[in-house]
Amino acid sequence: MSANPFIESEDQEQLRATARAVIARHAPQRDVRIWDEEGSYPEHLYREIAKLGWYDIVADDEPLDGMAGLLIALCEEVGRASSDLVALLNLNISGIRDLIRWGTVEQQEKYAEPVLRGDGRFSIAVSEPDVGSDAASVATTAERVEGGWLLNGQKTYCEGAGIPGTVMELFAKTGDSGRKRDDLAVFLVPSDHPGVEIRRMPALGRNISGIYEVFLHDVLVPDEALLGEPGQGWQILKERLVLERIMISSGFLGSVGQVLDMTVEYANEREQFGKTISSYQGVTLPLAEMFVRKDAARCAVQRSAAFFDAGLPCETESTMAKFLCGQIYAEASALAVQLQGAYGYVRDHTLPMHHSDGIIARVVAGPPSVQLNFIARSMGLRGN
Ligand SMILES: Cc1cc2nc3c(=O)[nH]c(=O)nc-3n(C[C@H](O)[C@H](O)[C@H](O)COP(=O)(O)OP(=O)(O)OC[C@H]3O[C@@H](n4cnc5c(N)ncnc54)[C@H](O)[C@@H]3O)c2cc1C
């Protein structure tokens with residue numbers, strides 16, 4: 001990132017330009033719409049991403065200078081195509097980063113190398129039927145047995161878990177100390193491992209990655225499946241989430257930019273009552289306001305990335321950025337559908353996809369009320 005977070009560095013500009021060209025070539029709107037409708041995974045795109053070395057941004061042992069700044073430029077461009085594509089990109093980037101930070105050299109070779117080559121991918125399995133925002137309450141168990149660990153339980157909503165070649169970062173409890181966060185551990189589990197059963201959950205959106213239920217029936221994994229130490233799961237998750245929130249927030253900004261551009265184009269062309277609808281303030285003012293709010297949200301993302309790259313704590317800042325960007329994606333995509341009238345509702349462009357994906361932008365990586373609770377505590381509101 002440049003010294004000024006609001007002015008892009010040359011590296012950021014270059015990466016953004018490359019990403020824009022790659023997305024135009026490998027993920028044009030008409031293809032994204034088809035992937036979303038058919039629920040199909042664009043393997044070629046992620047192979048291309050690996051080939052271009054985008055994962056290398058996080059793959060060094062030492063954090064790269066300006067890493068978060070590069071990632072926000074990248075995610076914003078991918079987000080113009082689809083926030084779902086950003087989600088898949090984030091799973092791989094965050095997975096590689098977790099392996100670099102917490103894994104052994106052998107684990108990095110076994111689990112991260114295939115993703116870096118474009119052959120493999122990561123997903124994360126925290127949520128369970130009875131565990132959502134209260135992530136520390138994971139009920140899936142990992143029992144120490146001869147030859148490794150025995151996993152039993154059920155996970156839900158695991159994005160991309162059913163795509164062939166996926167390794168899940170699966171959270172399980174290794175004991176019952178009474179301090180839930182101290183009992184968590186992360187296991188690296190290929191989704192085709194014996195005893196793992198995966199079922200796709202039909203959903204309103206996020207159809208490219210898909211969300212999956214994962215059933216674990218006496219799943220025996222070797223010792224080297226454990227990432228870090230037993231009891232480090234909470235720390236791994238907490239640290240991972242900071243950069244993850246920054247990346248997906250920027251992805252949402254890209255999607256907002258796309259739906260606003262589509263709506264401006266439509267409003268300038270569509271004529272009613274003898275004038276283009278962009279002549280009517282009922283159309284232009286809400287769009288202008290959304291544009292202002294998007295820019296304010298972008299400042300929050302840029303600040304978080306600048307803090308991250310400067311090595312400063314930014315859990316609160318990244319939470320605020322995610323809160324704003326999730327909110328604005330949901331609102332901008334709903335507004336875009338409304339302003340494009342009946343045309344906004346038909347599936348011959350990506351607006352309906354953005355609308356469905358925008359709804360869930362508020363929930364993934366933390367629903368608004370849970371995020372506001374966290375922000376309230378950071379303001380000094382303690383409760384009892
Ligand atoms: C598309 C999609 C992709 C996902 N991907 C993954 C994935 O890859 N891996 C994974 O593990 N999970 C994933 N999830 C699950 C996601 O992480 C959860 O949806 C999220 O953590 C919230 O949990 P929940 O939906 O169970 O809601 P809950 O936590 O049950 O919350 C329900 C409602 O109660 C409110 N609420 C809860 N607690 C509080 C509180 N303390 N104060 C105020 N209000 C509160 C919330 O705001 C919310 O409105 C995904 C979900 C979706 C829809």
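This is a predicted model: local features need pLDDT of at least 70, side-chain atom pairs count only at pLDDT 80 or more; totals for chains, interfaces and linings use all residues.
Which two domains does the ligand lie between? Let's keep that in mind while I walk you through the layout.

Okay, the domains. The protein is split into three: domain 1 covers 10-121, domain 2 covers 123-230 and domain 3 covers 234-378. Domains 1 and 2 meet, with 20 residues of domain 1 and 18 residues of domain 2 taking part in the contact. On the domain 1 side, the elements giving two or more residues are α2 (29-38), α6 (83-102) and α7 (105-117). Of these, α6 gives the most, with 8 residues. If you sort that side of domain 1 by class, you get 8 nonpolar, 6 polar and 6 charged residues. And the centres of domain 1 and domain 2, taken over C-alpha atoms, are 23 Å apart.

Now, what does UniProt say? The entry is unreviewed, and it annotates residues 9-119 as "Acyl-CoA dehydrogenase/oxidase N-terminal". In the model that span is 79% helix and 0% strand, and its end C-alpha atoms lie 31 Å apart. Next, the unreviewed entry gives residues 124-219 the name "Acyl-CoA oxidase/dehydrogenase middle". Here we have 0% helix and 51% strand, with 17 Å between the end C-alpha atoms. Finally, residues 231-379 carry the annotation "Acyl-CoA dehydrogenase/oxidase C-terminal", again from an unreviewed entry. This span is 76% helix and 3% strand, and 29 Å separate its end C-alpha atoms.

Back to the ligand. Domain 2 and domain 3 both supply residues to the shell around the ligand, so the ligand lies between those two. How many residues surround the ligand? There are 19, and the closest are Val126, Ser127, Gly132, Ser133 and Pro367. Looking at elements that give two or more residues to this shell, we find β1 (121-125), β3 (148-159) and α12 (368-378). By class, the shell has 11 nonpolar, 6 polar and 2 charged residues.

Let's go inside. The largest nonpolar core has 104 residues, and Phe187 and Val189 have the most contacts within it. Helix α10, residues 315-339, gives the most to this core, with 12 residues.

Arg181 sits in the loop between β4 (166-173) and β5 (184-190). Is Arg181 buried or partly exposed? Partly exposed, because 15 other C-beta atoms lie within 10 Å. Setting aside neighbours within four places in sequence, Arg181 is in contact with Ala136 and Trp234. Arg181 and Val138 are 43 residues apart along the chain, and their C-alpha atoms are separated by 9.4 Å.

The other one is Asp348, in the loop between α10 and α11 (351-361). Asp348 has 9 other C-beta atoms within 10 Å, so Asp348 counts as exposed.

Note on methods: Residues are numbered from 1 along each chain as its sequence is written. Helices (H or I, at least four residues) and strands (E, at least two) are DSSP runs, numbered from the N terminus. A residue is buried if 20 or more other C-beta atoms lie within 10 Å of its own, exposed if 12 or fewer, and partly exposed in between; C-beta atoms are placed from the backbone. Two residues are in contact if their C-beta atoms, placed from the backbone, lie within 7 Å. UniProt positions are given in the numbering used here, feature names are shortened, and annotations may be inferred rather than shown by experiment. A nonpolar core is a set of buried Ala, Val, Leu, Ile, Met, Phe, Trp, Tyr and Cys residues joined through C-beta atoms within 7 Å. A residue is near a molecule or strand if its C-beta atom, placed from the backbone, lies within 6 Å of it. Ala, Val, Leu, Ile, Met, Phe, Trp, Tyr, Cys and Pro count as nonpolar, Asp, Glu, Lys and Arg as charged, and the others, Gly among them, as polar. Domain bounds come from an automatic or database domain assignment.
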